[in-house]
Amino acid sequence: MTEQIFPLNAWYAAAYDVEVGRSLLARKICNKPIVMYRKTTGEAVALADACWHRLVPLSGGELNGDNVICPYHGLEFDDSGRCVYMPSQETINPSACVKSYPVVEKHRFVWIWPGDPALADPAKVPDMHWINDPEWAADGKRIHVKCDYRLVVDNLMDLTHETFVHGSSIGNRAVAEAPFQTTHTDRTATVTRWMIDIDAPPFWAGQLGRKEHVDRWQIIHFQAPSTICIEVGVAPTGTGAPQGDRSKGVEGMVLNTMTPETDKTCHYFWAFARHYDIHNQARTHQLREGVSTVFREDEAVLEAQQKAIDDNPDHVFYNLNIDAGSMWARKLIQQMIADEQPLRIAAE
Ligand code: FES
Ligand SMILES: [Fe+2]
C-alpha cells in the first residue's frame, strides 16, 4: 500500500461556487474522479464520475432535470447516485448506483467530503468567512499546481521565502530577519511575525499610498488539513498596530485552501480579502491580478521542487528554525491520517 498523504475525513474545496452550474463539471479530488452540477433548485451535487455499468465518465453525458445520463448506453442516475433508468430493461438492478459525496456550500466554495459520509459534519468546514463578509472585499482564483499539496502548505507556513521569491512585490530583507512565534492546538497552528519600523515593501507602500516606515504583520493560521488564512498588513510606525489598533494602516487576509487532486498535483484555491477601500471594484480586480502574479512565482518554485523530490526519492529533509510552522502543520495532517486508519481498516 502506498503511503497515504491526505486524510479523507475532511472537507475539501472542490470548486468556487460560480464554477458549478447546470452543466457537468469533472474534477479529480483526492484521487477520486468526481462530477459536479447543480439541481434545478440550485443545490450542488457531487457524484463519482464513473458509470456503474462500464465505468465511462458521467461528466461526458448530460443532465435530464436533476439526473445525469451516461454518454455511453444511456443509464440515468438521480442526484443521490441511484440508477433510475436502464434502456431495454424493466427492472432496475438495486445495486446499480454510483457513489454520492456529501456537499456543503460555504464561503463561496463547494466543499466535498471524500471520506466516511457518516462523519461529514458541516460545522467542520474551515473558516474562510472573510471571502464574503460585507466588511471586506475579496476575490481570488484557482490554480492547478503540479505538486503534493503539502508543499503548498510548507510554502505558506513560512513566509521567509517572500524575501527571495517575491522580492519585487511583497518581500524584503525584514521578512527573512524578523523573529516569529509558533503556537498550536490539536487542529490548528499559528505563526506570528511582526516587523517593526521597517521600509514597506513595494506592494504595501502602494496599498498604503505613501512611503514611510511601517510596522508590518503576518499572522498565519493553519487549519488542518489544508486551509491557511493569513492576516497581513502594514500601518505607519507608532500608530499602535502591534498593540491592536490597525485602523491607521491597511489590513488584508490571504485566504488559501489546497485540495489534493492526486498525490503529486493539487487544486490551490486562494483569495485576497481587504478591509480598506472596499467599494472600489477596480482595486479588487487589480489586487486579484497582482496577487495572481505573485502566486505564479510560488508555482514555479513548487513545481521545480516536486520534480527534484521525484528525482531524489531517498533524500532526507532537515528542518531549520524557519520550518517550525510547517512542521506543526505536517504533524497535525499526519495525526488526522493516523486517526482514520482504524476506520479505514474496518471499512475494507
Ligand atoms: S457505461 Fe454507462 S451506460 Fe454503459
Ligand atoms: Fe509565496
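How do the residues of the lining of the largest cavity divide into nonpolar, polar and charged? They divide into 6 nonpolar, 1 polar and 2 charged. The model behind this report is predicted.

## The cavity

A search of the whole structure finds 1 cavity of 30 Å³ or more. The space inside the largest cavity comes to about 50 Å³. Its lining is made of Met-157, Asp-158, Leu-159, Phe-180, Val-191, Arg-193, Gln-218, Ile-220 and Ile-322. Two elements give two or more residues to this lining: strand S13 (188-199) and strand S14 (213-223).

## The largest pocket

Now turn to the largest pocket. It holds about 1100 Å³ of space. A total of 34 residues line the pocket. Nearest its centre lie Leu-151, Asp-154, Gln-305, Phe-317 and Arg-330. Helix H1 (149-157), helix H2 (161-165), helix H5 (281-311) and helix H6 (324-347) are the elements that give two or more residues to the lining. The largest share comes from H5, with 6 residues.

## Helix H1

H1 gives two or more residues to the lining of the largest pocket. How many of its residues are buried? The count is 9 of 9, and H1 is described as mostly covered. The buried residues of H1 are Tyr-149, Arg-150, Leu-151, Val-152, Val-153, Asp-154, Asn-155, Leu-156 and Met-157.

Some of these names have come up before. Leu-151 and Asp-154 are among the residues nearest the centre of the largest pocket. Met-157 is one of the residues that line the largest cavity.

## Aromatic rings

The structure holds 11 aromatic pairs. One of them joins Phe-109 and Trp-111. Phe-109 has 0% relative accessibility, so it counts as buried. Trp-111 also counts as buried, because its relative accessibility is 0%.

Phe-109 has another partner, Phe-269. This pair is edge-to-face too, at 5.5 Å centre to centre and 70° between the planes. Where do the two residues of this pair lie? Phe-109 is in strand S10 (residues 109-112), and Phe-269 is in strand S17 (residues 265-274). The pair links distant parts of the chain, 160 residues apart. Both Phe-109 and Phe-269 are buried. Ring pairs link Tyr-16, Phe-109, Trp-111 and Phe-269 into a cluster.

## The Rieske annotation

An unreviewed UniProt entry carries the annotation "domain: Rieske" for residues 11-112. The end C-alpha atoms of this span lie 5 Å apart. The span is 0% helix and 40% strand.

## Ala-235

Ala-235 sits in strand S15 (residues 227-236). Is Ala-235 buried or exposed? Ala-235 is buried, because its relative accessible area of 0% is under the 20% cut-off.

Which residues does Ala-235 touch, leaving aside its neighbours within four places in sequence? Ala-235 is in contact with His-213, Val-214, Asp-215, Trp-217, Ala-241, Lys-248 and Gly-249. Now set Ala-235 against Phe-269. They are 34 residues apart in sequence, and their C-alpha atoms are 28 Å apart in space.

## Backbone details

The peptide bond from Ala-224 to Pro-225 is cis. Its omega is near 5°. Pro-225 belongs to the loop between S14 and S15.

Leu-55 has a positive phi of about 70°, although it is not a glycine. The residue lies in the loop between strand S4 (44-48) and strand S5 (62-64). Leu-55 counts as exposed, because its relative accessibility is 62% and the cut-off is over 50%.

Arg-108 is not a glycine, yet it has a positive phi of about 70°. Its place is in the loop between strand S9 (103-106) and S10. Arg-108 has 24% relative accessibility, so it counts as partly exposed.

Notes. Residues numbered from 1 in each chain as written. Chains lettered and ligands numbered in written order. Predicted model: local features only at pLDDT ≥ 70, side-chain atom pairs only at ≥ 80, totals over all residues. Heavy atoms only, no water. UniProt positions renumbered as here; feature names shortened; annotations may be inferred. Helix = DSSP H or I, 4+ residues; strand = E, 2+ residues; numbered from the N terminus. 1 Å grid on protein atoms, 1.4 Å probe; cavity = no way out; pocket = protein on both sides within 12 Å on 5 of 7 lines; lining within 4 Å. Points joined across faces, edges and corners; volume = space filled by probe spheres on them. Buried < 20%, exposed > 50% of the residue type's maximum accessible area, 1.4 Å probe, protein only. Contact = heavy atoms within 4.5 Å. Phe/Tyr/Trp six-rings, centres within 6.5 Å; stacked < 30°, edge-to-face > 60°. Nonpolar A, V, L, I, M, F, W, Y, C, P; charged D, E, K, R; others polar.
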